[in-house]
Amino acid sequence: MSEPSKVIHIRNVGHEIAESDLLQLLQPFGVVSKIVMLRAKNQMEDIHASVSALQYYTSVQPSIRGRNVYMQFSSHQELTTDQSSHGRNSDQESEPNRILLVTIHHMIYPITVEVLHQVFKAYGFVEKIVTFQKSAGFQALIQFHSRQEAVEAFGSLHGRNIYDGCCQLDIQYSNLSELQVHYNNDRSRDFTNPSLPTEQRPRASQQAYPDPANLYAFQQAGASYAQMGRAAMIAAAFGGTLPHGVTGTNERCTLIVSNLNNDKIDEDKLFNLFSLYGNIVRIKVLRNKPDHALVEMADGLQAELAVHYLKLEVNYSKYPNITPAPDAHDYLNSSLNRFNSNMVKNYRHCCSPTKMIHISALPQEISEEAILNHLSEHGTVVNTKLFEVNGKRQALVLFETEEAATEALVSKHASTLEGNTIRISFSQMQSI
């Protein structure tokens, strides 16, 4: 063991490890007065705490987030935060400021202005965002309306992951006083001035931010750039992160559904249900196993959402796709596929089956009685509500059970009611 020092040097600190993790490891032995994430050195308040910590961790292997770390006394007796010695912001530059400098570590999924806005807007009004690529990795400057909002965001988000297990936020205070944004596009945004042009490629005489295609180098093996882009878009629709358990990297598009009631189910009903989570290519009910069906979705991400949300016996099939055949129903070019337009909106409304259904594209003069007559054969209706959004008639219908609501959806989505082809989806509302 080296000469005792208040400064402990810790090796093998990965980007997924935050300052808060190191504090948890060392605070039982005494006050930690400073941490400098070189990856990483930490200073205890007094030398007795430092000695106690190293004596303990000589016999116990310290581990953070499943990663073994290694400690020793540093040759330094004190830690400084001088920029010249550590390559970090100086004390003056670290003063709280309304502009944050954010570095994204372990960036498997692409990070867009929209994703960053979804993450940071929970802590206050985000005025401007500028993204760029530096040697440290993908970075962003995020300007809040007030310093206090930025302080709250820093305290809550530093060291956190945007997505499960990746895209870690490393946050510092910037020394800038105001961000200059010239374009509202996928690299920069001024939320106080929506009238800015969206020019993507400035002239050579103007300073240009790097092309975003160069930013997304960190992709999981076998996952395409287009797929990662969709994952980021869906994450934004869900509020900044993919649903827990959804990886966004699945490439298997064909699902096998089993234990179906073959007296009640057919390809069109399966289409009505699975199309809630993505576009459908083909569906085939198996002739030798009529309680089984194959469902081919447009991409692996949409198939993963269906597996995640549906309470059926549904798994990935060993077949990569469904071969066109007379007994395979083709929906590739169907106008009823929900994700042909308003894609982000449809992702936002993805959820497991509920007791409540939402009906749109209703006739303007429709009555609640007509809706009840159209749906009541599928189960007991507890309540209904008619309303208008942007002049378009819509309705909520609450059934007594999820089963009844699901039966109404699969049977009556895309059915005709008083001359209109209605659209039905599950609602996440709990009551009317």
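In the predicted model, proline 243 is located in the loop that runs between helix H6 (225-237) and strand E13 (254-258). The relative accessibility of proline 243 is 12%, and the residue is therefore classed as buried, the cut-off for this class being under 20% relative accessible area. When neighbours within four places in sequence are set aside, the contacts of proline 243 are Phe238, Leu305, His308 and Tyr309. A further pair of positions was compared by C-alpha distance: proline 243 and tyrosine 163 are separated by 80 residues in sequence and by 9.2 Å in space.

On the surface, a patch of positive charge is formed by Lys121, Lys345, Arg348, Lys392 and Arg423. One of these residues, Arg423, belongs to strand E23, which spans residues 423-426. Arginine 423 has a relative accessible area of 31% and is therefore described as partly exposed, since that class lies between the limits of 20% for buried and 50% for exposed.

For the chain as a whole, 11 helices and 23 strands were assigned. The chain has 432 residues, of which 49% are buried. Its accessible surface amounts to about 21400 Å², and carbon and sulfur atoms contribute 47% of this area. Of the contacts between residues at least 6 apart in sequence, 70% link residues at least 24 apart.

Terms used: Residues numbered from 1 in each chain as written. Predicted model: local features only at pLDDT ≥ 70, side-chain atom pairs only at ≥ 80, totals over all residues. Heavy atoms only, no water. Patch = residues over 30% accessible without salt bridge, like charges linked within 9 Å, V, L, I, M, F, W, Y side chains within 5 Å. Areas by Shrake-Rupley, 256 points an atom, 1.4 Å probe, with all protein chains shown as cover. Salt bridge = Lys/Arg side-chain N within 4 Å of Asp/Glu carboxyl O. Lys, Arg positive; Asp, Glu negative; His and termini not counted. Charge placed at Lys NZ, Arg CZ, Asp CG, Glu CD. Helix = DSSP H or I, 4+ residues; strand = E, 2+ residues; numbered from the N terminus. Buried < 20%, exposed > 50% of the residue type's maximum accessible area, 1.4 Å probe, protein only. Contact = heavy atoms within 4.5 Å.
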